[in-house]
Every structure is written in C-alpha cells, then in structure tokens.
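Me: I have a structure open and want to know what stands behind the labels attached to it. Please take my questions in turn and set each value against its cut-off.

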Amino acid sequence: MVQSAGLTVLYRRRVSAATGDDIEVYLAERSRELSFLGGYFVFPGGRIDVGDKDLPARVSAERSPEERKIRSGTLRELFEETGILVTDPPVTACDHAVVEAARATRVELLERGATGEPLRRFLKDHSLALDLERLRPLTRLVTPRFSRRRFDSVFHLLECDQEPEIIRGELVSGQWLTPAAALSAWRRRDLRIAAPGIALLEELAALPLEDAARELGRLSPEFESSGRYVSIAPGYDLVPLETPPLCPNVPTNTMFVGADRFVVVDCGACRQAEKEHLVAALRRRLAAGGTCEAVVLTHHHPDHVGGLQEVLDAFQLPVWAHSITGELIQRRLDRTLDDGSLIELGASPDGRTGWTLQALFTPGHAAGHLALFDERYRSLIAGDLVSTLMSMYVGSPGGNLNDYFSSLERVLKLDVETLYPSHGMPTLDAKALLRKTLEHRYERLEQVAAALSSTPCDVATLAAEIYGGVSRRLSELAIRATRAALKHLASLGRAREVETDSFVVD
C-alpha cells in the first residue's frame, strides 16, 4: 500500500562573501530506534491523515480538495515536528498566550499520533487558519517497490523566518546546512541522509533556487522505468528492478558501487522496459563521472542476470564472477573471483584511496554465490544471502542448507554494520538480520523434522503440509525447499531417504 505524505524543504537566505546570495535548508534526524529510516536525516514531514482535509485553512479556490488536504497535512506535520506554525494571520512571539497554547497543542499532537484534532481545535479557538498558499510545490516522488513502507511524497518549499524546535521522540535533532555542505557531510558519512533528500540536495547545490525548483518539478514521480537510480549511501547506488517470476513488490536490486571507479553488481532486468531502465540508469551514472570497471555477478539466477546481455551490448564491459557462476550461465568470464579476491575501487567518496571490495564465497542459496565485503565502510553487499523483504529461498537441486548455514555463520563474524540485500531496503543492523535469518531457518528445519515419522513420506506431501496454501506457481519452490531441509536433516543423522524423494525419521 502506498500512503500519501507531505514534506517541507525549509530554507532560509544567507549571504556569503564567497558565493553571494545562498540558502540553507533544515534537516531533521530521525531516532535510530525507528524501524523506517531510523538514524537518517530527512526533510520534516510525514503521512497525510484523512482528518487533514478538515483543518481550518486559507487556500486558493483553484486548489482541488486533494491538494488542500495534502497542503494542510504538510503544515500539520511541520508544526508537530518542528514547532513552526504557518497561519493566517501569523502568530508572533508577542502573542504569549497563543504561543503557549500552540506549544501545548503540539505536545498533544505528538502524544496522539497522526490525528489533527488538537490542531483543528486550537486554530478555531484562536481564529487562525493554516496558510496553505505559503507552500510552494517542489516535486513529487513515490518510494520504489524495494521498501516495505511506500509513500507518495509531495515536497514543498517554504521560506522560513522561525527557528525550528525539536521535541525528542521520533526526531532527536536538526540542523541548518547549505545543500553543498549537507552533501559534503554525507559523502564523509558524517550524516546519513535519506535517498529522496539526496536527489533534492544535488539539484539545490548545483543550481540557483529557481532553476533547481524547475528541474525538480520535471522529475517523474514514479521511479520504475524512469532511468534513475537511488543514491542510498555515498558510493552506493541502487536500481530496483521488477524481475518476474518474482512479484512486483519483490524487485531485485542492481547496484553501482564505487566513486571514480565503480562496478555494476548484478543485472537483474527481465522485461524490456526494465532493461531499458537499467541501461538508462547506467548511462546517467557514467554521466555523473567515473569509470565502470566491470559487471560483478553474485550468482546465476535469472533475476540477477536477466539484463546482462543488454548491458554488455550497450557498454562492452567485462564480466567478473565465481567460476561456478560462469559455468552455470555458460559464459567465459573476464575475471574469476575466488574467495578473498579484491576488487579495487580507488578513491572512496570522502577522497581516501585504497577502497576495495572483498569477494566472499558464500554458497547455499546458489552454488557459486558471492557476497562482497566493504571493510572501510563496514558494509556487506549480500546478494541473496538474506533479504529485508522475505525469507530467502534455499532449494534442492541448486541450493544446499549445509552450505547456507555455514555462509550465514561466516558473515555473522564479520565487522558489518550496513547490509545491502538484493531484495529489499538496506539495513543498518546487519547482525540482527543475520541472526533473525538463522533463527527462522532453524525453526523451519524443526518444523520439517516434526512432520517426519517412521512411515515413509514423500517430499511433495510434506511440502503441502508445511507450506499449506502456497499458490500453484510457488508449489515447486516449496517442494525444493522441503527437499533441501530433508537432505540437511539426513546429513545430521536425523532423517533417512528410503527411496527417491521419500524420507523417514532416523
């Protein structure tokens, strides 16, 4: 489900001897405890509530009811998060009683969540209306499908003459920065800034405000088929692509990793439109600067190599992968990556040289599976080792639970903070995800073991019992996953195959 959201790019003018008239924008830090974008700096804002349409407001008759609701919700969220109240007539510091009532209203709003009733009551009691015409539409962006939580976000510009005040809760701090300074801090990894903010800041840093606003207004709201990539972290750009037979809300991430030198990790596009999107995104990344060294494949599955030929035809890049992957896709590799092989990336976005990715042989999900470890930034490009959207498939033939458990245990010992899966958003708590994946796998294994008896039972029957209700399209995957679990139990001496695909407890 995609929810509506309204965000405000607060800005104020500053006069710099070096640059002349310039702007600063306000970024707020979300609590690390939050499951969605915890620890990231964002532009203030949040979800639009159905009650926002009833807030007293001054608005042009030309505005549609939906636009009025979005603008009202945007100003409500701005008030909740920063204390900035945009009303007609304006509330001044001299209006002490109104200021105190506004503060009490804000506290009540924060305690009650999204409902705007306290604000509606406050505005009516003091004969005020939200001044919706102060907001200037900037751009609209829809969260790509690689996130569990998706928002159709409308960004507005608002010139600010008040100082924001953060009440600790969902937000923990905030600061004014020029767009260039914010990007510089982001590249040094001093600030984590959410990906939509990076897209806006790059335009605001490169162009005067009016020109940047025009360019941002031209952006396609939908990421899919846009030819854009998501700058998720310095040197880490994602291109989530629909990859049938996976469903649309489980896209596969192609990644561009590096700065002056970078590699493409996987090429998962399957449909023609997605292939064109991937090629356009890579052209855009090359136009931004840097040399593409190669395409690196984590493994051979179609949702990771479906667009490989189109990328090679367009850019004549070498292909690097594990030798088993080369055999499975029947392609001569330009470089074989073994366990421990280093991929040289040169300088990282903060300017330091000697940036590398280390290939880790992590079979289990696939026989030739590789993960890539970035020791400098404590990051792991995990491929299909784990996912933040779903439980990763390990089926037989093709997969092996013995190897999978060993691979998970191995990477759990690494000093990894951020994990980039091929399916889903990155996580800043890599070890928690790895532990959760192990726990789930062991629980599923025990479920299979409990279904066994001394009477032989075939794999398909066990799969129907354990994965009851799966669609016909997924039934074969359920059978393969059950077979892999049974073979693992057999390797532990807890099950025995009495004939092909028929097992008993041992």
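Reply: Start with accessibility: buried means under 20% relative accessible area, exposed means over 50%, and partly exposed is what lies in between. Keep in mind that this is a predicted model.

Me: Why is Tyr442 called partly exposed?

Reply: Its relative accessibility is 37%.

Me: What makes Phe405 buried?

Reply: Phe405 has 5% relative accessibility. The limit for buried is under 20%, so Phe405 counts as buried.

Me: Why is the pair of Phe405 and Tyr442 called stacked?

Reply: The two ring centres are 4.4 Å apart, with 10° between the planes. Rings pair if their centres lie within 6.5 Å, and planes under 30 degrees apart count as stacked.

Me: How many aromatic pairs does a search of the whole structure find?

Reply: Seven aromatic pairs are found. Another of the pairs is made by Phe256 and Phe262, with ring centres 6.1 Å apart and planes at 55°.

Me: Why is the pair of Phe256 and Phe262 called tilted?

Reply: Stacked needs planes under 30 degrees apart and edge-to-face needs over 60. The planes of Phe256 and Phe262 are at 55°, so the pair is tilted. Phe256 and Phe262 are both buried, and together with Tyr229 they form one aromatic cluster.

Me: How do you know that the charged end of Arg285 sits over the ring of Phe262?

Reply: The charged end of Arg285 is 4.2 Å from the centre of the Phe262 ring.

Me: What puts the buried residues of helix 13 on the same side?

Reply: The buried residues of helix 13 (residues 459-466) are Val459, Leu462, Ala463 and Ile466. They span an arc of only 100° around the axis, which places them on the same side of helix 13. Ala464 and Glu465 are exposed, on the face turned away from that buried side.

Me: What contact is found at the start of helix 13?

Reply: A side-chain oxygen of Asp458 comes within 3.2 Å of the backbone nitrogen of Ala460. The cut-off for a polar contact is 3.5 Å.

Me: Which phi value makes Ser127 worth a note?

Reply: Most residues other than glycine have a negative phi. Phi of Ser127 is near 50°, a positive value. Ser127 lies in the loop between helix 3 (117-125) and strand 7 (129-131). Its relative accessible area is 62%, and the limit for exposed is over 50%, so Ser127 is exposed.

Me: Where is Asp501, and why is it called partly exposed?

Reply: Asp501 is in the loop between strand 24 (495-499) and strand 25 (502-505). At 24% relative accessibility, Asp501 falls between the limits of 20% and 50%, so it counts as partly exposed. Phi of Asp501 is positive too, near 60°.

Methods
Residues are numbered from 1 along each chain as its sequence is written. This is a predicted model: local features need pLDDT of at least 70, side-chain atom pairs count only at pLDDT 80 or more; totals for chains, interfaces and linings use all residues. Side-chain values use heavy atoms; hydrogens and water are left out. Buried means under 20% relative accessible area, exposed over 50%, partly exposed in between (1.4 Å probe, protein chains only). Helices (H or I, at least four residues) and strands (E, at least two) are DSSP runs, numbered from the N terminus. The arc is that of the directions from the helix axis to the C-beta atoms. A polar contact is a pair of N or O atoms within 3.5 Å; within protein, one must be able to donate a hydrogen and the other to accept it, and residues adjacent in sequence count only if both atoms are side-chain atoms. Rings of Phe, Tyr and Trp (its six-membered ring) pair if their centres lie within 6.5 Å; planes under 30 degrees apart count as stacked, over 60 as edge-to-face and the rest as tilted. A charge sits over a ring if NZ of Lys or CZ of Arg is within 6 Å of the ring centre and within 35 degrees of the ring normal.
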